[in-house]
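Trainee: I'd like to learn how to read the inside of a protein and its aromatic rings. Can we go through one together?
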Amino acid sequence: MVFQYEDTQEEVLADINLKVDAGRYIALVGSSGAGKSTLCSLIPRFYDVSHGVIRIDGVDIRDVTLKSLRENIGIVQQDVYLFAGTVMDNIRYGKPDATEAEIVAAAQNANAHEFIMSLPEGYDTYIGQRGIKLSGGQKQRLSIARVFLKNPPILIFDEATSALDNESEKVVQDSLEKLAKNRTTFVIAHRLSTIRNAERILVLTEEGIAEEGTHRELLEKKGIYAGLYQMQFAGTEK
């Protein structure tokens, strides 16, 4: 698979050949500009591949409607999209016909129910444009509750915890791992601490997939991943 933007000759992704079994937890790491976010943007067809094909269950994703494709993909990003309205309205965005009981269950799964109930009007609390009345960790948990409600088989986490403090990151990370259970999950991570438990880690460079393996396997290779890890955790637990 190859991808390049229409207005440039430079290939952003080149010679990517990747097979992911259903239900697997895959992490993508690498330097900025290596194409991690671009690769994940190709799955819901925010862009189309320049050459090659992406298949889900053997079907070319260009042979199904965008609506049906995207209904089966949940995305949690660093920048959370929340709109002016109540907490319940914002979670219900993941499934417009959801019942209140389903929304509460999704919030509980996302570790969000407790903080929601502490708000002045609980689920009926108005949170303002872009959720200005909430902390970063609270916003993320609402976005995760939204995806729990949607209940898609494929997940993409794009730097979902990178803007959070350590305490919020732990709570959100617990929510993300709960959400990922039994789903095909792609995690783009800058903080390598968040992907130690990934079943398979792919190290992307401008040349393509340079390394792959588990966290321990990649540390033992003493290659690119090990170097990135050492930079982040010098003097701390290995």
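Trainee: Let's start with Ile91: which residues does Ile91 touch, not counting residues up to four places away in sequence?

Mentor: Keep in mind that this is a predicted model. Leaving out residues up to four places away in sequence, Ile91 touches Ile103, Ala107, Ile116, Tyr123, Leu142, Ala145, Arg146 and Leu149.

Trainee: And how many residues are in the largest nonpolar core?

Mentor: That core has 46 residues. Ile91 is among those with the most contacts inside it, along with Ile116, Leu142, Phe157, Ile195 and Tyr225. Helix 6, residues 136-150, gives the most to this core, with six residues. Another core lies apart from it; that one has 19 residues, including Ile16, Ala34, Cys40 and Leu204.

Trainee: Since we're on helix 6, is Gln140 buried or exposed?

Mentor: Gln140, which sits in helix 6, is buried, because its relative accessible area is 1% and the cut-off for buried is under 20%. Beyond residues up to four places away in sequence, Gln140 touches Val76, Gln77, Gln78, Val80, Ala160, Leu164 and Val172.

Trainee: Now the rings. What describes a pair of aromatic rings?

Mentor: Two things: the distance of the centres and the angle of the planes. A search of the whole structure turns up four aromatic pairs. Take Phe83 and Tyr93, an edge-to-face pair with 5.9 Å centre to centre and 65° between the planes. Phe83 is in the loop between strand 4 (73-77) and helix 3 (87-92), while Tyr93 is in the loop between helix 3 and helix 4 (100-109), so to speak ten residues apart.

Trainee: Is Tyr93 buried or exposed?

Mentor: Tyr93 is exposed, because its relative accessible area is 51% and exposed means over 50%. Tyr93 also belongs to an aromatic cluster with Tyr81 and Phe83.

Trainee: Why does the pair of Tyr225 and Tyr229 count as stacked?

Mentor: Look at the angle: their planes are at 20°, and planes under 30 degrees apart count as stacked. The ring centres of Tyr225 and Tyr229 are 6.3 Å apart.

Trainee: Where do Tyr225 and Tyr229 sit in the chain?

Mentor: Both are in helix 9, residues 224-233. Tyr225 and Tyr229 are four residues apart there, so about one helical turn separates them.

Trainee: Are Tyr225 and Tyr229 buried or exposed?

Mentor: Tyr225 is buried, with a relative accessible area of 0%. Tyr229 is buried as well, at 1%.

Terms used. Residues numbered from 1 in each chain as written. Predicted model: local features only at pLDDT ≥ 70, side-chain atom pairs only at ≥ 80, totals over all residues. Heavy atoms only, no water. Core = buried A, V, L, I, M, F, W, Y, C linked by side-chain atoms within 4.5 Å. Buried < 20%, exposed > 50% of the residue type's maximum accessible area, 1.4 Å probe, protein only. Helix = DSSP H or I, 4+ residues; strand = E, 2+ residues; numbered from the N terminus. Contact = heavy atoms within 4.5 Å. Phe/Tyr/Trp six-rings, centres within 6.5 Å; stacked < 30°, edge-to-face > 60°.
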